[in-house]
Amino acid sequence: MGMSSLKLLKYVLFFFNLLFWFCGCCILGFGIYLLIHNNVGILFHNLPSLTLGNVLVIVGSIIMVVAFLGCMGSIKENKCLLMSFFVLLLIILLAEVTLAILLFVYEQKLSKSVAEGLTDSIQRYYSDNSTKAAWDSMQTFLQCCGVNGTSDWTSNKPASCPTDPQVKGCYIKAKLWFQSNFLYIGIITICVCVIQVLGMSFALTLNCQIDKTSQSLGL
């Protein structure tokens, strides 16, 4: 019974981490795609590297490393790798909870910083080609104009602005999108946390089962 339980746990954890690894590959690939085709980070002059593409590349890479440890630890029945997998998942989970709390506490300050960064970048629209391309790309994609509306453009509004006189600003439109999709973002976040807790539980259970099997075999 002990050996069959060990094999079952081993392959469940292996396929769980294999799926986890493929998800990491997809996130990494999407992050690289955004880095190549998206230049919105240029708009935030103080933090040009803090973009969605960079975040996804880092997250995808971490997921792939953690999943690799889980795969190797389960298939090789290596307690050291399994505990490394468990500890890394625990650190990631704690980091996610901390980040969620910080975003909640500093939501107003973050929103203000984003709005100020976008307003500052408008001043560089006609002097910097990269900023111009980033604004044109964002206004075309979101179908918005300026930060809060067309009045943000002191001179003639760019051709990338929609012709609708009632068009909303990009900051307002992005904020409305997040508010309208907050439930779905929350559900996805909770699902990710549940998957991480399951992975940690599988790793600990397999680790304990390896000990029990070793003891029963007199190793």
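**View 1. Helix α5, end to end.** With 14 residues (129-142) at 1.5 Å each, α5 should span 20 Å, and its end C-alpha atoms do sit 20 Å apart, so the two agree. The expected span is 1.5 Å times one less than the number of residues, and helices are DSSP runs of H or I, at least four residues, numbered from the N terminus. This is a predicted model, where local features need pLDDT of at least 70, side-chain atom pairs count only at pLDDT 80 or more, and totals for chains, interfaces and linings use all residues. Numbering starts from 1 along each chain as its sequence is written, and side-chain values use heavy atoms, leaving out hydrogens and water.

**View 2. The buried side of α5.** T131, A134, W135, D136, M138 and Q139 are buried (under 20% relative accessible area; exposed is over 50%, partly exposed in between; 1.4 Å probe, protein chains only). Their cover includes α4 (107-122) and α6 (170-180). Just past the helix, Q143 has a positive phi of about 55 degrees.

View 3. K132 pairs with D136, closest N and O atoms 3.4 Å apart (a salt bridge puts a Lys or Arg side-chain nitrogen within 4 Å of an Asp or Glu carboxyl oxygen). The two lie four residues apart, about one turn of the helix. K132 is partly exposed at 33%, while D136 is buried at 18%.

**View 4. E77 meets K10.** Their side chains form a salt bridge at 3.2 Å, N to O. E77 is in the loop between α2 (52-75) and α3 (79-105), and K10 is in α1 (2-37), 67 residues apart.

Definitions and conventions:
Contact means heavy atoms within 4.5 Å.
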